[in-house]
Amino acid sequence: MKLTLRVWRQKNADTKGKMVKYHLDDVDEDMSFLEMLDVLNEKLTLDDEDPVSFDHDCREGICGSCAMVINGVPHGPQKNTTTCQLHMRHFSDGDTIDVEPWRARAFPVIKDLVTDRSAFDQIIQSGGYVSVNTGSAPDAHATPVDKVSADDAFDAATCIGCGACVAACPNGSSMLFTAAKVTHLGLLPQGQPERATRAINMLAKQDELDFGGCTNVGACAEVCPKGIPLASISRLNHDVLGATLSGARAD
Amino acid sequence: MSELQQEPTATQGEGRYALGEPIADDRSPDSPIGDRWDDRKFSARLVNPANRRKMSVIVVGTGLAGGAAAATLGEAGYHVKSFCFQDTPRRAHSIAAQGGINAAKNYRNDGDSVHRLFYDTVKGGDFRSRESNVHRLAENSLNIIDQCVAQGVPFAREYSGLLDTRSFGGTQVSRTFYARGQTGQQLLLGAYSALERQVAAGTVEMHPRTEMLDLIVVDGRARGIVTRNVLTGEIETYTADTVVLCTGGYGNVYYLSTNAKGSNVTAAWRAHRRGALFANPCYTQIHPTCIPVSGDYQSKLTLMSESLRNDGRVWVPKERGDQRPPNEIPEDERDYYLERQYPAFGNLVPRDIASRAAKNMCDAEYGVGPGGLGVYLDFSDAIERLGRHAVEAKYGNLFEMYQRITGDDPYQVPMRIYPAIHYTMGGLWVDYDLRSTIPGLFVGGEANFSDHGANRLGASALMQGLSDGYFILPTTVADYLADAPFEPVGDDHPAVVEAVESTRERIDKLLSANGNRTVDSFHRELGQLVWDQCGMARSKEGLEKALDRIPSLREEFWRDVKIVGTGDGLNQSLEKAGRVADFMELAELMCLDALHREESCGGHFRVEHQTEDGEAARDDENFSYVAAWEWGGDGHGGRPTLHKEDLDFSYVHPSQRSYK
Ligand SMILES: Cc1cc2nc3c(=O)[nH]c(=O)nc-3n(C[C@H](O)[C@H](O)[C@H](O)COP(=O)(O)OP(=O)(O)OC[C@H]3O[C@@H](n4cnc5c(N)ncnc54)[C@H](O)[C@@H]3O)c2cc1C
Ligand code: SF4
Ligand code: FES
């Protein structure tokens, strides 16, 4: 198929970017979206033009590297699908496709489609773990975990840290990302001792960074490629409320 | 390392390499095998906690091995500098592992034990691994599961609340722990959270988007690395008392593989050029169940987890070139060839055997799909037996992934699969302490030549990465640091200046070629060549052909590669070019290693060496050794030198592997 692409080109963080139009004549419907961009980049290189920079690694929907707003939607039109797993069979001959980076204050553009998402690591640093040192663990069967909690914890733990939730949110809030981690650990017995402090510390951290507040818009869960449900945000709020009532404070 | 400079015999690639002194793993204690690791831990020196902060460790790589090592060394109080090329440590390639992680917990009481896991791994590796290391791996497997559960890794559980397990290829017990089809992700996020906890505690300094381009060796000791900041292009140096490489495998030498796009050999290869021996480079693993190639734009291959072979049945039509859709081919016109050829293990034979069987079927023109390069993996029986719901619970995300990529629904039609490069058993040579031949340089995870011999069993890489990272490196690195801190190394030290200058020169040379071909076009050509001649089946003739072609391809690459832009900022073509340049050198050593190893074992199948019924024919008399190669220098005069480490089997008697 033939496609017209309009791609955000921005040289670096200090320069202004713009949409640039490219034409591709021979796109196969079995190509992935990134393979289509590979073809564009091969062409640009041979034409002596700077290829489009974009983050990617696994191309299997699991590392969370790829991050593009496609026709206005983070990760594009297919539900529960990362950019790298989106295939061209979902587009038609003659389409014009807009490709832009995540747009959020907390994720500044570095170049073209590449943004800086290191704020997510800082949120995890503020409490997204169980404080257990290597070598100090009891036997794995010492603490049974009921299957339903284990499965629900797993579902929340599948967050890939891509940041689509932030990009989709009109406030640029990282609530769904933070809630996914709080839910994962909060559902397991291993996560209980730090449950209250974890929730308030992580929330305090995200507020301190450039993320916006959550006003229950729900756009995050709509675009999340891993289907993290909006309900996890209520869970986070519940943990924060419980923590505050019990007098815990962020440290 | 001094050389004897003997000429190898004519059958083993005459004139292409020299024979050096044998090497020995001199750190494995002599005690009975079950006591060795305890003895080594006891003899390892300890560092006073008050002094640890003054001692620094560079850990390159944040996958399971590097992430776990950096976190644990940080917890112990050392000053750790951690590096990865991705934008965050959580995206290391380990994240993509699907099927599971082995441990000899024997929770099912099905006859498993440390000894059985040890035995299965040595046998699975086709008797080309080191007994001491494998035994330790099996011992550590127990603690790994405990550690991960304590971190909150949400493994699959049964209704009893206890951990669930599944079976993997090459074993008859159920010892694979899993988190749906995303075990690597969950284990890595566990290690990542431990790492970030140490970043917050100030013991670990994290350097993402930073690529190691050279190793700094001062007075014979590894003391630092040269890096390029991927965002600014700045060439920087970091020094420390010791350097640990956990930089993953080199499967991307084939261009198409199941590895993440960024996976590369550069860190290991640069260390090799600085004196670290590279062991068994020709031992590469081809995974039997991957989604076949769909076109020449293909950028990577996607694995369908081996766990699928628990319930999926592999078949091809009995009739050559049968064009009917699979669902219209009646039961008695299907050849379930694995069940037929290997009745004891059936669809669960080890990977090398399953891959070769698929290739043989396709070579004999029974293959299905475009180009006849595919076989069916069919779940209809399992769906009938267990119900769609149960199949979905086990494999749901894999089925979805398959459908997303191919557009076909595996609940309705069988999957089409074909083997693909997946893992590399070869890597930097290490002793029992995971020390390379450069003092102060440790290597963990897939980057070392590892515990898997000539073939790795499924679900054992995650186990090895975490065993190295959580348990072995923290002990052996500490032992080495008992002699530290060493004299600080300044930026003006001649070794540092030389390493920085040669890194700059390479980058300038790549940028100034300004030729006519893209980096990917060279990478594809190299990959195809290595796949054809040093892939699933290898021959003397083909390997010699490759060895003649690679140097000229390399020369063309340096002359004709085209990279747009400069080195001063983010330039992804430049990053790729540096990696491809190193793959070009590695490929030659792989082919040489494959040519010299005149036997078939595990993933290394030489067509000249097979039994009557087409199985690998090992030659224990002549090849029961690790081939550790010393860098021969640039140019045509430089020949690598082969150092052999003899393998000794006192606990598992080498036999022909039989899965019939
Ligand atoms: C699709 C797939 C599925 C798999 N499934 C399983 C499974 O179910 N069970 C199992 O046991 N094994 C599985 N494996 C194998 C297993 O995932 C890997 O062998 C293992 O994760 C490797 O871990 P590692 O820590 O050694 O390296 P990696 O996870 O590859 O990490 C390498 C690290 O090194 C860094 N790095 C590399 N080069 C440089 C450089 N030059 N400078 C700076 N940093 C660098 C990277 O940034 C990264 O952080 C699978 C592999 C694949 C490809
Ligand atoms: S919650 Fe979903 S959208 Fe947000 S980072 Fe995680 S996976 Fe991405
Ligand atoms: S490239 Fe890894 S999720 Fe898309």
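Trainee: What share of the contacts in chain A with a separation of 6 or more comes from residues 24 or more positions apart?

Mentor: In this predicted model, such residues account for 68% of those contacts in chain A. Of the 251 residues of the chain, 59% count as buried. The secondary structure of chain A comes to eight helices and seven strands, and its C-alpha trace spans about 60 × 40 × 35 Å along the principal axes.

Trainee: Let's take one helix of chain A. How do you know what span to expect for H8(A)?

Mentor: Helix H8 of chain A runs over residues 231–245, which is 15 residues. The expected span is 1.5 Å times one less than the number of residues, and for H8(A) that comes to 21 Å. From its first C-alpha to its last the helix reaches 21 Å, close to that expectation.

Trainee: What makes the buried residues of H8(A) line one face of the helix?

Mentor: The buried residues are A:Ser232, A:Ile233, A:Leu236, A:Asp239, A:Val240 and A:Ala243. Seen down the helix axis, they fall within an arc of 120°, so they line one face of H8(A). The face turned away from that buried side carries the exposed residues A:Ala231, A:His238, A:Leu241 and A:Leu245.

Trainee: What covers the buried residues of H8(A)?

Mentor: The cover includes helix H5 (175–186), helix H6 (195–208) and helix H7 (219–223) of chain A. Just after H8(A), A:Gly247 takes a positive phi of about 90°.

Trainee: Over to chain B. What makes you say that H9(B) is mostly covered?

Mentor: Eleven of its 13 residues are buried, among them B:Arg351, B:Asp352, B:Ile353, B:Met361 and B:Cys362. The buried residues pack against several elements of chain B, including strand S13 (284–290), helix H8 (337–341) and strand S17 (415–424). Just after H9(B), B:Glu365 takes a positive phi of about 70°.

Trainee: Why is H13(B) called roughly perpendicular to H16(B)?

Mentor: The axes of helix H13 (residues 494–513) and helix H16 (residues 572–596) of chain B cross at roughly 110° and come within 10 Å. Angles of 65 to 115 degrees count as roughly perpendicular, so H13(B) is roughly perpendicular to H16(B).

Trainee: Which residues meet there, and how do they divide into nonpolar, polar and charged?

Mentor: From H13(B) come B:Arg506, B:Ile507, B:Leu510 and B:Leu511, and they meet B:Leu574, B:Ala577, B:Gly578, B:Ala581 and B:Asp582 in H16(B). The residues of this contact divide into six nonpolar, one polar and two charged.

Trainee: Why does B:Asn229 count as buried?

Mentor: Buried means under 20% relative accessible area. B:Asn229 has 19% relative accessibility, so the residue counts as buried. B:Asn229 lies in strand S9 (residues 221–229) of chain B. Leaving aside neighbours within four places in sequence, B:Asn229 is in contact with B:Arg209, B:Glu234 and B:Glu236.

Trainee: And how do you know that B:His272 is buried?

Mentor: The cut-off is again under 20%, and B:His272 has a relative accessible area of 1%, so this residue is buried. B:His272 has its place in helix H7 (residues 266–273) of chain B. Not counting residues up to four places away in sequence, B:His272 touches B:Leu277, B:Phe278, B:Leu428, B:Leu589, B:Trp629, B:Glu630 and B:Trp631.

Trainee: How many residues apart along the chain are B:His272 and B:Ser436?

Mentor: They are 164 residues apart, while their C-alpha atoms are separated by 9.5 Å.

Notes:
Residues are numbered from 1 along each chain as its sequence is written. Chains are lettered from A and ligands numbered from 1 in the order in which they are written. This is a predicted model: local features need pLDDT of at least 70, side-chain atom pairs count only at pLDDT 80 or more; totals for chains, interfaces and linings use all residues. Side-chain values use heavy atoms; hydrogens and water are left out. Helices (H or I, at least four residues) and strands (E, at least two) are DSSP runs, numbered from the N terminus. Buried means under 20% relative accessible area, exposed over 50%, partly exposed in between (1.4 Å probe, protein chains only). The arc is that of the directions from the helix axis to the C-beta atoms. Contact means heavy atoms within 4.5 Å. Axes are lines fitted to C-alpha atoms, for helices over the stretch in contact, and angles run from 0 to 180 degrees between N-to-C directions. Angles under 35 degrees count as roughly parallel, over 145 as roughly antiparallel, 65 to 115 as roughly perpendicular and the rest as oblique. Ala, Val, Leu, Ile, Met, Phe, Trp, Tyr, Cys and Pro count as nonpolar, Asp, Glu, Lys and Arg as charged, and the others, Gly among them, as polar.
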